[in-house]
Amino acid sequence: MFHEYKNVIEDGDTVIVYLNHNSMSPLKVEAGQVYNNRFGTFKHDDMIGLKYGSKVVNKDGRGFVFLLHPTPALWTQVVPHRTQILYLPDISFISLYLDLRPGKVMIESGTGSGSFSHSIARTIAPTGHLYTFEYHEIRAQTAKKEFIEHNLTSVVTIEHRDVIANGFGKANIADAVFLDLPAPWDAVAAAKAALRKDTIGRICCFSPCIEQVQRTALALDEHGFSDIRMYESLAKDYEIRNVPQPDIDEVIDGQRVSFKPVKNDKKKRKLENGSAGSGTDTDANGSTIKELTVTKPTDVVRGHTSYLTFAILAPEEGDDVDMSE
Ligand SMILES: C[S@@+](CC[C@H](N)C(=O)[O-])C[C@H]1O[C@@H](n2cnc3c(N)ncnc32)[C@H](O)[C@@H]1O
């Protein structure tokens with residue numbers, strides 16, 4: 001389900017229940033069950049057979065929710081956290097830099113809450129494969145259950161394993177390796193062994209502290225990786241708002257156009273929530289105000305989640321080197 005789409009909700013599906021922009025939750029739809037939230041009680045039976053995206057009204061006819069098709073991006077927003085997780089700004093940047101696409105073979109450790117695993121699976125499906133390793137037994141079991149429920153087992157294999165102590169148990173198969181571990185430098189040798197030798201191998205290590213980056217970079221260099229680079233992704237939100245737009249002819253004529261501030265709350269909301277693009281409204285004197293929809297970055301930039309250290313492993317020399325990548 002997470003790497004393919006279907007139209008109609010069936011018994012056993014995982015749906016994303018959308019209450020509002022800031023409130024969503026995952027729900028496994030099961031015949032005979034009921035779902036309760038602050039808007040009331042919703043019968044699963046009423047959901048089965050509906051099209052994804054449908055609005056369902058509770059049995060009192062008061063509250064409603066929307067039932068969304070699950071995607072990795074939505075899953076990252078609703079996944080039950082067992083650990084710190086990767087969020088979309090990092091996920092998208094890492095996926096691009098590791099050149100993930102259908103058919104790629106990828107190794108990841110640790111699996112954690114499986115947030116990144118879901119995105120990797122969707123990106124490399126249907127012909128690629130993700131081998132993901134987690135040494136915390138309960139986390140490995142929980143992630144395995146989710147991969148089964150989300151029909152991802154043809155693309156994802158999870159193993160309960162300590163990769164620092166025991167390596168990945170894979171040799172010469174991976175196009176890319178992703179390490180989200182407390183001591184990624186201790187897994188660099190195992191990553192090198194797992195990477196393909198006939199083409200460029202790519203690695204990314206996710207670490208919150210610069211000291212971890214330094215140790216990782218040294219280990220990558222010692223093991224023959226090159227093009228070692230570190231990035232941090234800083235997400236900046238943009239607000240969309242309508243602002244008055246002076247008439248250019250009046251400005252050229254040297255006439256100052258004055259706009260009265262919109263005091264009426266209802267009217268202000270109308271201006272702010274107006275449809276995208278430019279529009280018009282009238283001021284208190286009935287004269288026309290032209291509006292322009294603009295975006296403005298918010299003043300607050302949320303702190304980064306981690307540093308991303310990337311490197312590549314050049315192919316070994318030989319006749320069978322794949323230069324197409
Ligand atoms: C921060 S979490 C990973 C989160 C994951 N990237 C996500 O998006 O959900 C790190 C995980 O690495 C696991 N881990 C730590 N050391 C490990 C090791 N030596 N072998 C395998 N897993 C390990 C931890 O148990 C933890 O679940």
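Strands β7 (residues 105-109) and β8 (residues 129-134) run parallel and are joined by 5 bridges. Two strands are said to pair if DSSP finds at least two bridges between them. Helices and strands here are DSSP runs, helices (H or I) of at least four residues and strands (E) of at least two, numbered from the N terminus. The model is a predicted one, in which local features need pLDDT of at least 70 and side-chain atom pairs count only at pLDDT 80 or more, while totals for chains, interfaces and linings use all residues. Residues are numbered from 1 along each chain as its sequence is written, and side-chain values use heavy atoms, with hydrogens and water left out.

## The strands and their order

A crossover is called right-handed if, with the strands pointing away from the viewer, the path from the first strand over the helix to the second runs clockwise.

Strand β8 also pairs with β9 (residues 156-160); these two run parallel and are joined by 5 bridges. Here Glu-134 has His-160 in β9 as its bridge partner. The chain goes from β8 to β9 by way of helix α5 (residues 137-149), again in a right-handed β-α-β crossover.

Strand β7 pairs with β10 (residues 176-179) as well, in the parallel sense and over 4 bridges. Strand β10 in turn runs parallel to β11 (residues 201-207), with 4 bridges between them. One of the bridge pairs there is Phe-178 with Cys-204 in β11. Helix α7 (residues 188-194) lies on the path of the chain from β10 to β11, and this β-α-β crossover is right-handed.

| Strand pair | Sense | Bridges |
|---|---|---|
| β7 and β8 | parallel | 5 bridges |
| β8 and β9 | parallel | 5 bridges |
| β7 and β10 | parallel | 4 bridges |
| β10 and β11 | parallel | 4 bridges |

## What is buried

A residue is buried if its relative accessible area is under 20%, exposed if it is over 50%, and partly exposed in between (1.4 Å probe, protein chains only). Why is β8 described as largely enclosed by the rest of the structure? The reason is that 5 of its 6 residues are buried. Strand β10 is covered on both faces, with Ala-176 and Phe-178 buried on one side and Val-177 and Leu-179 buried on the other.

Helix α4 (115-124) is largely enclosed too, because 8 of its 10 residues are buried. Among them are Ser-115, Phe-116 and His-118. In the loop between β7 and α4 sits Ser-113, which is buried with a relative accessible area of 1%. The side chain of Ser-113 makes a polar contact with the side chain of Thr-83 at 2.9 Å. A polar contact is a pair of N or O atoms within 3.5 Å; within protein, one must be able to donate a hydrogen and the other to accept it, and residues adjacent in sequence count only if both atoms are side-chain atoms.

## The ligand

The shell around the ligand has 23 residues, and Glu-134, Arg-139, Asp-162, Val-163 and Asp-180 come nearest. By type, the shell divides into 8 nonpolar, 10 polar and 5 charged residues. In this count Ala, Val, Leu, Ile, Met, Phe, Trp, Tyr, Cys and Pro are nonpolar, Asp, Glu, Lys and Arg are charged, and the others, Gly among them, are polar. Helices α4 and α6 (163-166) each supply at least two residues of the shell.

A backbone N or O atom of Ser-115 lies 3.2 Å from an oxygen atom of the ligand. For Asp-162, a polar side-chain atom is 2.8 Å from a ligand nitrogen atom, and for Val-163 a backbone N or O atom is 3.1 Å from a ligand nitrogen atom. Taken alone the ligand exposes 610 Å², and the protein buries 91% of that. Accessible areas come from the Shrake-Rupley method with a 1.4 Å probe.

## Helix α8

Gln-212 is part of helix α8 (residues 210-222) and counts as buried, at 14% relative accessibility. Its side chain reaches the backbone oxygen of Pro-182 at 3.0 Å. Gln-214 is in helix α8 as well, but Gln-214 is partly exposed, with a relative accessible area of 49%.

Terms used: A residue is near a molecule or strand if one of its heavy atoms lies within 4 Å of it.
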